[in-house]
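Please look over the sequence and the model before reading on.

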There are 2 protein chains.
Amino acid sequence: MSAGSADFSREDQQFMALAIELAKKGRFTCTPNPAVGCVLVKEGRIVGQGYHAKAGEGHAEVMAMRQAGEQAKGATAYVTLEPCSHYGRTPPCAKGLIEAGVSKVIAAMQDPNPQVAGRGLRMLNEAGVETAVGLLEQEAEQLNRGFLKRMRTGFPYVQLKMAMSIDGRTAMANGESQWITGELARQDVQQYRAMASAILSTSKTVMTDDAALTVRWQQLSEQIKADYPEQKLRQPLRIILDSQHKIQPTGRLFATESPIWLISSQERAMQNFPDFCQQQMIAESPYFFTDLFNFLGRQQINSVWVEAGATLAGKLLEAELVDELIVYIAPKLLGDQARGLCHLPQLQHLADVPLWQLAETQQIGEDIKLVYRKPNL
Amino acid sequence: MSAGSADFSREDQQFMALAIELAKKGRFTCTPNPAVGCVLVKEGRIVGQGYHAKAGEGHAEVMAMRQAGEQAKGATAYVTLEPCSHYGRTPPCAKGLIEAGVSKVIAAMQDPNPQVAGRGLRMLNEAGVETAVGLLEQEAEQLNRGFLKRMRTGFPYVQLKMAMSIDGRTAMANGESQWITGELARQDVQQYRAMASAILSTSKTVMTDDAALTVRWQQLSEQIKADYPEQKLRQPLRIILDSQHKIQPTGRLFATESPIWLISSQERAMQNFPDFCQQQMIAESPYFFTDLFNFLGRQQINSVWVEAGATLAGKLLEAELVDELIVYIAPKLLGDQARGLCHLPQLQHLADVPLWQLAETQQIGEDIKLVYRKPNL
């Protein structure tokens, strides 16, 4: 039922790589579902392809089978994630593949969703469909960091955005900070926002910058725009920490009609706020942030993109809730009187400082982007 | 006499690229002279090659002609720098090329040395030797950033080394700092030290770290070691700022018998110091650092590699004396209580902050190196 990469042919790899490219087309809209792509191949020829665009709409396998029609019979299906085995908003894909007469299913990886977790492949096997798993597994894993982490741990995948000078400063001593990085870096941020299930910030940041925290479609790259037309634009949920109920329903945050959650430990009057703005209460406790992300996971939020100041950054890092650092470095030095990147408690020894793993570097205009991940994720 | 790149053939480019590779072999030992390479080609065949290894020893052209012997007659010489026209420790190379009967000289660039500055090419022209200049000029410029800057401005080329955490911190709040970056990054530093005419630091840094500030041949890369045998190892001049005469002739700095200059504005008793350690006085003034580097330029120091703390870094940056930042970033966050990278005066507006230009990025073990240069250098 499972197989090592060595057992796959070069053709298998090419078809799975195509399935992964297809899956990517859904990554801006599929949350809370995973991005999945599927290619159906019969006698070396592609007879159907599809991807999952949106919860409630057809799964990748269904889209591919629809295209293949009668030709699905005897075909091999390349799927980036194990076909589902449970009745959700749509019937199980494993059942659909069996009924269509597909003779072999190659999945890039098993689905860690407890409702699937090998059952999809077993259902296929028991119906006499040959299966294999593990082709381009790493690439498939990267497609769905958020969904996979939530399925495995209950917590969303957390990306912390940082924009700083070479010497790690986010603002002048007097607080002047906007546009520390260049325009292209800010466009790059739009792409991360567009992929996130939710954007997290604080009332302080929102009020200081009059931040909208929306995806501005115009600022996405031309390549993304081609796959992701403006009328399909999904705005991520905006989550604002506002423990002291300071935020008022004015400013650019409220100019876009799209869900906002205000987080605090106390109930507040909401009559002045628009309908798309709700409060969510998380009890005060030393584990406030762990409780918050646990709550977000239960709300099916796969990934959280954090844009905030040094205090929130430090608290999330201290609670070990951050999976990825996205660091934009502007080619400037601001000096040690300027504002720091993250507030952390004092450690006594360098040896106690956790190590990150440099995963990506990319020059973006005059700036550079460094992406760090928790080791072994 | 001069020509655009378009006038050079593909073969010309290949021979000049070889001359540049040859020049590099001299870059650890040639100071205060420039690194120069030369290839002699006759009828499409290389008849001689050479490079300049050390002041007082043969220039690149002489080495190549020695190898070519009679075959230099009628050959084309590819030289990375305009042949010299003046009697120094060796007779002028332009004269040598004429006497050997070379028929054409292609130089990557003119020599800005006021004693040459086009006279070498003119001397050749007047003797009926065809000349051209400007082939792979940028690459040739990079070979000798130090020499060229000193010839053009009187000041050495200054490289400031910085080793920091992702958030721009150099040490824990308690001062613990050694080995913030990994071993491979520290080996990379050895290569820069080996190329520098001088290493600049402060008595504070030397005493805190018990620094030797020497090149440790064993730590150079295998590739460099192959071209640069241990018995040829040149130790750069060590320049220590010690305004308050705090340094004592103990510790690792004095364990290597190689020149040390102690810089202050006041004369001090030197009888306890070894002979290889001298004092140099620079008067106190608001232009102390400008005066210091001007003095170093007059002492034929082409390039200075700075390893010091946030105070000296800040002062050099403020005086606009730094040409290049070499920034090693360790994959750690130390938080805003840890020590900053450089102490700078407060500016009021981000728009007033000078921009650097990202010139190189390289992953080195777990760390990343970013090299920034002053724009338009």
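## Sites listed in UniProt

D209(A) sits in helix α8 of chain A, residues 203-209; helices (H or I, at least four residues) and strands (E, at least two) are DSSP runs, numbered from the N terminus. The model is predicted, so local features need pLDDT of at least 70 and side-chain atom pairs count only at pLDDT 80 or more, while totals for chains, interfaces and linings use all residues. Residues are numbered from 1 along each chain as its sequence is written, chains are lettered from A and ligands numbered from 1 in the order in which they are written, and side-chain values use heavy atoms, with hydrogens and water left out.

An unreviewed UniProt entry gives the feature "binding site" at A163(A), W179(A), T205(A), D209(A) and S243(A). These positions span 81 residues in sequence and their farthest two C-alpha atoms are 27.4 Å apart, so they do not all gather at one spot. UniProt positions are given here in the numbering of this model, with feature names shortened, and annotations may be inferred rather than shown by experiment.

The unreviewed entry in UniProt also lists "binding site" for H59(A), C84(A) and C93(A). They are spread over 35 residues of sequence but cluster in space, with a largest C-alpha distance of 9.3 Å. C84(A) is in the loop of chain A that runs between β3 (76-79) and α3 (93-99).

## How the two chains meet

Contact here means heavy atoms within 4.5 Å. By that rule, 46 residues of chain A touch 46 residues of chain B. The area buried between the two chains is about 4100 Å², and carbon and sulfur atoms give 63% of it; buried area is the accessible area (1.4 Å probe) that two parts lose on being put together, summed over both. I166(A), L333(A) and L350(A) supply 17% of the area that chain A buries against chain B, more than any other three residues.

Eight residue pairs, both at pLDDT 80 or more, are in polar contact between chain A and chain B. A polar contact is a pair of N or O atoms within 3.5 Å; within protein, one must be able to donate a hydrogen and the other to accept it, and residues adjacent in sequence count only if both atoms are side-chain atoms. On the side of chain A that touches chain B, β13 (324-330), β15 (357-364) and β16 (367-373) each supply at least two residues.

## Symmetry

Chain A is superposed on chain B by a rotation of 180 degrees with 0.0 Å of shift along its axis, at an RMSD of 0.0 Å. The two copies are thus related as by a two-fold rotation axis. Within chain A, G168(A) has the C-alpha nearest the axis, 2.1 Å from it. Of the interface residues of chain A, 100% are also interface residues in chain B, so the copies meet through the same surface.

## Salt bridges

A salt bridge is a side-chain nitrogen of Lys or Arg within 4 Å of a carboxyl oxygen of Asp or Glu. E141(A) and R152(A) form a salt bridge through their side chains, at 2.5 Å from N to O. E141(A) belongs to helix α5 (residues 137-143) and R152(A) to helix α6 (residues 145-153), eleven residues apart.

## Backbone details

Most residues other than glycine have a negative phi, and most peptide bonds are trans. T31(A) and P32(A) are joined by a cis peptide bond with omega about 5 degrees. P32(A) lies in the loop between α1 (10-24) and β1 (37-42) of chain A. In chain B, the bond from T31(B) to P32(B) is cis, with omega near 10 degrees. D210(A), a residue other than glycine, has a positive phi near 45 degrees.

Technical notes: Least-squares fit on C-alpha atoms with pLDDT ≥ 70 in both.
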